Amino acid sequence: DAEGLLRIKEENQKHYRRAQRHQEKKEKIQRHNRKLGDLVEKKTYDLKTQYEHLANLRRTHILELTSVIFPIEEVKTSMRDPADVSSESDNAMTSSTVSKLAEARRTTYLSGRWVCDDHNGDTSISITGPWIILPNNGDYSAYYSWVEEKKTTQGPDMEHNNPAHTISAALCYATQLVNTLSLILDVNLPKKLCNRQVKTQQRNHEFCGENLSRHRFTRAVKKLNANILHLCFSQHVNLDLLHPLHTLRNLMYLVSPDTKNLGR
């Protein structure tokens, strides 16, 4: 029994010494993990700082791009509200008639259906200059009419102030701006729109090349609007400000200095 007790004591001492070594190794691993945690936290902070710096650079480039090359502004028109004019001419007009006139003014017949447009008749959005504007309500019927007229009329088109020309030019510049913004923001666009002439493929710009049919023109406009909305979503633009048909207005909200997340 005494020999057995001595043997057990020796084994217990061995286990105790092994437990001490394990405890030292455990503490060493914990210190190493704390160092790694501090390093990861520092690297995360540095990465966040770099992201913020990159976002500021992107924001600076975008604001410079849209102030020097592609300025987008809201152009006011002098049209008066018909409800105000009618009420001035007829003092006996009821308030319900005035409200109905105002409601009718805020609706537009577009592509076979009535759509609500609060800005209809009040403003237009210009790009690169006040003379290159797009209808605020997304109604590009002037372009369709011009294309149909060109099919039946022979000879050069001398109407440089034709709204179809401004619509085509504005959409052309908008496409160029959107493609440039996607490069600056490093955001892949869901739809591909060409904004240059490629001689090898005989492919022109979607809007500034040959006269597009109504189907091709509408399809290209939808692709452009989808790209603009995708960029707006990526930069966390307020969804209440966006409208699927307001091409340049959505783009104006995207590149506005008030967009806090621009460049993220």
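Modeller: Happy to! A nonpolar core is a set of buried Ala, Val, Leu, Ile, Met, Phe, Trp, Tyr and Cys residues joined through side-chain atoms within 4.5 Å; buried means under 20% relative accessible area, exposed over 50%, partly exposed in between (1.4 Å probe, protein chains only). This is a predicted model, where local features need pLDDT of at least 70, side-chain atom pairs count only at pLDDT 80 or more, and totals for chains, interfaces and linings use all residues. Residues are numbered from 1 along each chain as its sequence is written, and side-chain values use heavy atoms, leaving out hydrogens and water.

Biologist: Which element gives the largest share of the largest nonpolar core?

Modeller: That core holds 43 residues, and Ile127, Tyr143, Leu171, Leu181, Phe217 and Leu251 have the most contacts inside it. Two or more residues each come from helix 1, strand 4, helix 4 (141-152), helix 5, helix 6 (214-234) and helix 7; helices (H or I, at least four residues) and strands (E, at least two) are DSSP runs, numbered from the N terminus. The largest share, ten residues, comes from helix 5.

Biologist: How far apart are the end C-alpha atoms of helix 5?

Modeller: Helix 5 covers residues 163-185 and lies across strand 1, strand 4 and strand 5. With 23 residues at 1.5 Å each, helix 5 should span 33 Å (1.5 Å times one less than the number of residues). That agrees with the model, where the end C-alpha atoms are apart by 32 Å.

Biologist: Which residues does Leu171 contact, neighbours within four places in sequence aside?

Modeller: Leu171 is among the residues with the most contacts inside the core, and contact means heavy atoms within 4.5 Å. With the neighbours within four places set aside, the partners of Leu171 are Leu134, Tyr140, Phe207, Phe217, Val221, Leu224 and Thr247.

Biologist: Which strands stand at the edges of the open sheet, and why is one side of each left without a neighbour?

Modeller: The sheet has three strands in the order 1-4-5, with antiparallel pairing (two strands pair if DSSP finds at least two bridges between them). Strand 4 (residues 123-127) pairs with strand 5 over three bridges, and Ser124 sits opposite Pro135 there. Each edge strand has a single partner, so one side of each has no neighbour in the sheet; these are strand 1 (72-76) and strand 5 (133-135).

Biologist: Which residue forms a salt bridge with Glu74?

Modeller: The whole structure has two salt bridges, meaning a side-chain nitrogen of Lys or Arg within 4 Å of a carboxyl oxygen of Asp or Glu. One joins Asp46 and Lys42 at 3.2 Å, N to O, with both residues in helix 1 (residues 2-68), four residues apart. In the other, the closest N and O atoms are 3.0 Å apart, and the partner of Glu74 is Arg249.

Biologist: Is Arg249 buried or exposed?

Modeller: The pair links distant parts of the chain, with Glu74 in strand 1 and Arg249 in helix 7 (residues 247-254), 175 residues apart. Glu74 is partly exposed at 34% relative accessibility. At 4% relative accessibility, Arg249 counts as buried.

Biologist: How many of the residues of helix 7 are buried?

Modeller: Strand 1, strand 4, strand 5, helix 5 and helix 6 are among what covers the buried residues of helix 7. Those buried residues are Thr247, Leu248, Arg249, Asn250, Leu251, Met252 and Leu254. Of the eight residues in helix 7, the buried ones number seven.

Terms used
Axes fitted to C-alpha atoms, helices over the stretch in contact; angles between N-to-C directions.
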